[in-house]
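User: I'd like to go through the labels attached to this model and see what each one rests on. Could you walk me through them?

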Amino acid sequence: MRLLVKEYLAHLGIEKGSSPLTLSAYEHDLEDYVQALSGQGITCPEEVKREHIVAYEADLVARGFAPASIERHVSAIKGFHRFLVHENYTSRNPTEALPLPKVPASLPDVLSIDQVEKLLSQPFGSDARARRDGCILEILYGCGLRVSELVGLDLGDVFIQDGYIRVRGKGNKERIAPISGLAADALADYLEAFRPTLQKPYAKPSPAVFLNARGGRLTRQSVHAIVARAGLYIGIEDLHPHTLRHSFATHMLEGGADLRVIQEILGHSDISTTQVYTHVNRSHVREEYLAAHPRARQS
């Protein structure tokens with residue numbers, strides 16, 4: 001079964017173009033699943049029955065896994081068994097009528113426009129790394145990028161004069177993200193005046209836009225730390241880069257942008273993913289109503 005998992009992951013990576021992060025998550029989930037089956041003496045796909053998977057799902061609940069994590073596990077298992085049938089490793093798919101567990105709907109964390117202004121106008125300092133950090137925050141909010149997309153940016157992806165950057169999103173799909181205003185100014189300033197000082201003469205030249213202190217590509221973990229540190233300055237603990245992406249989309253919607261345009265900029269393949277921001281927007285409207293209307297809070 002473990003060899004079949006490896007073959008399935010190779011299929012996802014090569015033929016489906018799944019990202020390394022997705023492959024890593026699926027590998028972890030399926031290894032756990034195969035180990036659970038092995039504990040019951042199940043070593044081949046033909047032996048797996050629906051009740052085994054239902055019991056595994058119940059075990060995940062008992063172990064305290066979050067609903068979203070359980071949904072991902074079950075999704076990985078369903079995809080794995082579909083693959084096994086398609087490749088004739090088994091004639092049965094025990095997950096065929098198995099529904100995905102429902103995940104309670106939750107609205108994304110969003111900063112107010114005032115909070116964003118304070119976050120981006122804080123004094124970052126004048127050295128190269130400080131200016132890089134300020135630029136990163138401007139790009140995350142100004143272009144709505146994921147962290148993986150930001151650290152994956154290469155110099156050849158930047159077209160400031162034309163007003164866009166080329167982004168590689170999930171599944172290695174390319175898209176164009178507009179860039180202008182303060183984000184474009186920050187990026188141009190960083191590339192011209194500060195990135196060259198981060199590029200070390202003894203290191204192999206990196207094509208990455210954002211460099212670390214050793215002249216290599218900045219990591220996702222470093223960006224998380226940069227954003228969290230900037231959040232503390234304005235009194236927000238554990239500020240996440242994705243919060244800036246959520247804030248970008250919400251503020252675009254509040255400013256009158258069409259939902260389809262926001263979908264295209266964010267790189268969502270399904271409009272339903274983008275529609276969550278309409279709920280955030282409605283929540284914002286209600287908060288404004290309760291704060292402003294003289295009788296709204298009376299009963």
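Analyst: Happy to! A residue counts as buried when its relative accessible area is under 20%, as exposed when it is over 50%, and as partly exposed in between. Tyr-33 is buried, and Tyr-56 is too. Please keep in mind that this is a predicted model.

User: Why is the pair of Tyr-33 and Tyr-56 called edge-to-face?

Analyst: The ring centres of Tyr-33 and Tyr-56 are 5.4 Å apart, with 65° between the planes. Centres within 6.5 Å make a pair, and planes over 60 degrees apart make it edge-to-face, so both labels follow. Tyr-33 belongs to helix H2 (residues 20-39) and Tyr-56 to helix H3 (residues 50-62), so this pair ties together parts that are 23 residues apart in sequence.

User: What makes Phe-159 and Tyr-164 a stacked pair?

Analyst: Here the angle between the planes is 20°, at 4.8 Å centre to centre. Stacked requires under 30 degrees, so Phe-159 and Tyr-164 qualify. Phe-159, at 25% relative accessible area, is partly exposed, and Tyr-164 is partly exposed as well, at 24%. A search of the whole structure finds five aromatic pairs, and Tyr-8, Phe-80 and Phe-83 form one aromatic cluster.

User: How do you know that the buried residues of H3 line one face?

Analyst: The buried residues of H3 are His-52, Ile-53, Tyr-56, Glu-57 and Leu-60. Looking down the axis of H3, these residues fall within an arc of 140°, so they line one face of the helix.

User: What makes the length of H3 close to the expected one?

Analyst: H3 has 13 residues and reaches 19 Å from its first C-alpha to its last, against 18 Å expected at 1.5 Å a residue. After H3 comes Gly-64, whose phi is positive, near 85°.

User: Why are E2 and E3 said to pair?

Analyst: Pairing takes at least two bridges, and strand E2 (residues 164-168) and E3 have five, in the antiparallel sense, so they pass. Within this pairing, Val-167 stands opposite Arg-175 in E3. The hairpin of E2 and E3 has five residues between the strands, and its Gly-171 takes a positive phi near 70°.

User: What makes Asp-154 and Arg-217 a salt bridge?

Analyst: Their side chains meet at 2.7 Å, N to O. The cut-off is 4 Å, so the contact counts as a salt bridge. Asp-154 lies in the loop between helix H7 (147-151) and strand E1 (158-159), and Arg-217 in the loop between helix H8 (181-198) and helix H9 (220-233), so the pair ties together parts that are 63 residues apart in sequence. Arg-217 is partly exposed, at 32% relative accessible area.

User: How do you know whether Asp-157 and Arg-166 are buried or partly exposed?

Analyst: Asp-157 has a relative accessible area of 1%, which is under 20%, so it is buried. The closest N and O atoms of their salt bridge are 3.0 Å apart. Asp-157 and Arg-166 are also linked with Arg-168 and Glu-174 in a network of salt bridges.

Notes
Residues numbered from 1 in each chain as written. Predicted model: local features only at pLDDT ≥ 70, side-chain atom pairs only at ≥ 80, totals over all residues. Heavy atoms only, no water. Phe/Tyr/Trp six-rings, centres within 6.5 Å; stacked < 30°, edge-to-face > 60°. Helix = DSSP H or I, 4+ residues; strand = E, 2+ residues; numbered from the N terminus. Buried < 20%, exposed > 50% of the residue type's maximum accessible area, 1.4 Å probe, protein only. Expected span 1.5 Å × (residues − 1). Arc of directions from axis to C-beta.
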